[in-house]
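Here are my notes on the model you sent over. Have a look at the structure first, then read on.

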Amino acid sequence: MKTCNFDTLPNRRGTGSAKWEFIHEGDQFNQTDRTDKKYGDERLLPLWVADMDFRSPPAVVEALTERARHGIFGYTAPTNSYFTAVTNWMQRRYNWRVEREWILQTPGVVPAINLLIQTFVQPGEKVLIQRPVYYPFMNAIKNNGAEIVSNSLRYENGRYQMDFGDLAEKAADTAVKLAILCSPHNPVSRVWTREELVRFGE
Ligand SMILES: Cc1ncc(COP(=O)(O)O)c(C=O)c1O
């Protein structure tokens, strides 16, 4: 199998990249020329989004290219091979047997979080998160009329840690109906250990 290339950084200008060609100004998400006077010399680094600057694996590029060459882009629906790919991945990587009937499609993680809040949390109830965390988590809670409860992470011994004492206290509040785990954690770059995940679940 061909390997990934992590040594070259392709120039993404001209691809409509949200990360490199747009900027938040107030409530607006504006396309910008990053060489202009205001942001001169491409000095601004867009650290707000976890968006890959390396090329996707050759197998992915080849499969998409082959599909594009077919030339017809009509409506599609999840195929048997799609479900098999997902269930095999979960089995192989996580040793978790996932039934095909459990799998639902959403346009992304953020819409999925919004749908979960709408499903499990009534307006006025609470959702627990671990700040500092990816800002759409906060927006999803607020936009659906719920209240944010932060079991904030602690910076200790050079890395962020979960505060389990605070978690137990806050999760005991019966108004907390949902906890959103960010794993791996953005932006603190922690990959939680098995022990941490088990303790969080308990
Ligand atoms: C923690 C986290 N969740 C979700 C997303 C968005 O995921 P998606 O690829 O579904 O848009 C990001 C993107 O940066 C993220 O950092």
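Which residues have the most contacts inside the largest nonpolar core?

1. They are Ile117, Val127, Ile129, Phe137 and Ile180, in a core of 14 residues. A nonpolar core here is a set of buried Ala, Val, Leu, Ile, Met, Phe, Trp, Tyr and Cys residues joined through side-chain atoms within 4.5 Å; buried means under 20% relative accessible area with a 1.4 Å probe, protein chains only.

2. Helix H4 (109–120), strand S3 (126–129) and helix H5 (136–143) each give two or more residues to this core. H5 supplies the largest share, four residues. Helices (H or I, at least four residues) and strands (E, at least two) are DSSP runs, numbered from the N terminus.

3. Leave out neighbours within four places in sequence, and Phe137 is in contact with Ile113, Ile129, Ile180 and Cys182. Contact means heavy atoms within 4.5 Å.

4. There is also a second, separate core of ten residues, with Leu128, Met162, Val176 and Val188 among them.

5. Zooming out, the chain has seven helices and seven strands, in the order α-β-β-α-α-α-β-α-β-β-β-α-β-α from the N terminus. Its C-alpha trace spans about 55 × 50 × 35 Å along the principal axes, and 26% of the 202 residues are buried.

6. A word on the ground rules: this is a predicted model, with local features needing pLDDT of at least 70 and side-chain atom pairs 80 or more, while totals for chains, interfaces and linings use all residues. Residues are numbered from 1 along each chain as its sequence is written, and side-chain values use heavy atoms, without hydrogens or water.

Key:
Buried < 20%, exposed > 50% of the residue type's maximum accessible area, 1.4 Å probe, protein only.
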